[in-house]
Amino acid sequence: MTVNGPRSLNTEQSGQVEVRRWGRPRQFDFEIKSHAVLGEACGGLSFLTAAKLSGPRFVSLRGPIARMSRALGQFVLNVQTEEHGYEEHYAPCLLKAEVLDSTGQLSGLEDDLFKASHQNEADLYLTPSAEMSLINMVACQTLDADQLPLKMVMLTPCFNTEAGAAGPDTLVTARQRQYDEVGLVQVVAASESVAALEDVTSHVEYVLKSLGIPYRVIARSVRGVSIDMVDIFDLEVWVPSQGNYRAIGSCIVAGDSQVRRIRARHVEPDNGQVTLALIVSGGLAVNRLLFAVLENYQQADGSILVPEVLRSYMNGVSTIEGFGDQRG
């Protein structure tokens, strides 16, 4: 079920409009449990174990829950490569400062990044998003017209200290310092940027529809409140334990300043002129996707149904129940 039509949101952040939502939130006839309670009760998710290893805002996964997380990442990758024409990439998790600076992540956000230092070598930073590596793969390159749109996808661990984090997410498990993310990037001619943004957004939506998770799409403009000047689509999934939609990913058209710093160019087919290409990116946090699945597919006895599209990735398992000892 898709509901269309702009509707204003009650938010302090100007320029946000809900443009559509899909799916009807499930009506439960038992007490709803959070993903943290569900995961810890079945023995597959532990914040205590992770805290012993690394401190707060980390999670340890085990058994079928760990396998479901891996299945989700593989499912998203396969969908994008086999059905939507993206090429899979893999890249280092440690990035140079200039790579972060090219996408505007270093100035003003350095406190949220993990830094790795080594004697007599320049500092490196743990990547905060999959899209950042993909975008910089085309930095300073000139692409032929027949290479566009260039479509890339990558699954990678990401890291963020959330140093300035506050608000409702601070005390819930969705805001992790380490998480897997699937990043999508399309490099296109400037005239194709609007269509590419819709394209990338639809590819993220396809995943959520396939998993049967209700969601909504929020249009956000960084230049004003006009719906005709949209730069970002935020995707939010339904979280039953909170009775609300929560962020799971965003799809973005790179701003002019970012495009000029990256200096990705393409040759126009009509006149051979070299001009700047535009970059559209999208990301989907696998941990938040896992938590959404746990909550939306929970059963009265605390077990969790496995979405049909994931069962082939989990050796046919259809239900996750309690297992093993509780390790902490």
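Does Cys-158 count as buried or exposed, and at what relative accessibility?

**View 1. Two cysteines, Cys-93 and Cys-158, and the distance between their sulfurs.** At 0% relative accessibility, Cys-158 counts as buried, where buried means under 20% relative accessible area, exposed over 50% and partly exposed in between, computed with a 1.4 Å probe on the protein chains only. Cys-93 is buried as well, with a relative accessible area of 18%. The closest cysteine sulfur to that of Cys-93 is in Cys-158, at 7.4 Å, which is too far for a bond. The count of disulfides comes to zero, a disulfide being a pair of cysteine sulfur atoms within 2.5 Å. The model is a predicted one, in which local features need pLDDT of at least 70 and side-chain atom pairs count only at pLDDT 80 or more, while totals for chains, interfaces and linings use all residues. Residues are numbered from 1 along each chain as its sequence is written, and side-chain values use heavy atoms, with hydrogens and water left out.

**View 2. The protein chain, with nine helices and 19 strands.** Helices (H or I, at least four residues) and strands (E, at least two) are DSSP runs, numbered from the N terminus. Of the 328 residues in the protein chain, 49% are buried. The protein chain exposes about 15,700 Å², of which carbon and sulfur atoms supply 48%, with accessible areas taken from the Shrake-Rupley method with a 1.4 Å probe and, for residues, only the protein chains shown counting as cover. Among contacts (heavy atoms within 4.5 Å) between residues at least 6 apart in sequence, 68% join residues at least 24 apart.

**View 3. Lining of the second largest cavity.** A cavity is a set of points, on a 1 Å grid over the protein atoms alone, where a 1.4 Å probe fits but cannot get out, and lining residues have an atom within 4 Å of a point. At least two lining residues come from each of helix H3 (63–83), strand S11 (178–188) and strand S17 (278–285). The lining divides into five nonpolar, two polar and no charged residues, with Ala, Val, Leu, Ile, Met, Phe, Trp, Tyr, Cys and Pro counted as nonpolar, Asp, Glu, Lys and Arg as charged, and the others, Gly among them, as polar.

**View 4. Helix H8 (residues 286–296) within the structure.** Because 11 of the 11 residues of helix H8 are buried, this helix is largely enclosed by the rest of the structure. Among the buried residues of H8 are Arg-288, Glu-295, Asn-287 and Asn-296, together with Leu-289, Leu-290 and Phe-291.

View 5. Most residues other than glycine have a negative phi, and most peptide bonds are trans.

Conventions: On a 1 Å grid over the protein atoms alone, a cavity is a set of points where a 1.4 Å probe fits but cannot get out, and a pocket is an open set with protein on both sides within 12 Å along at least five of seven lines; lining residues have an atom within 4 Å of a point.
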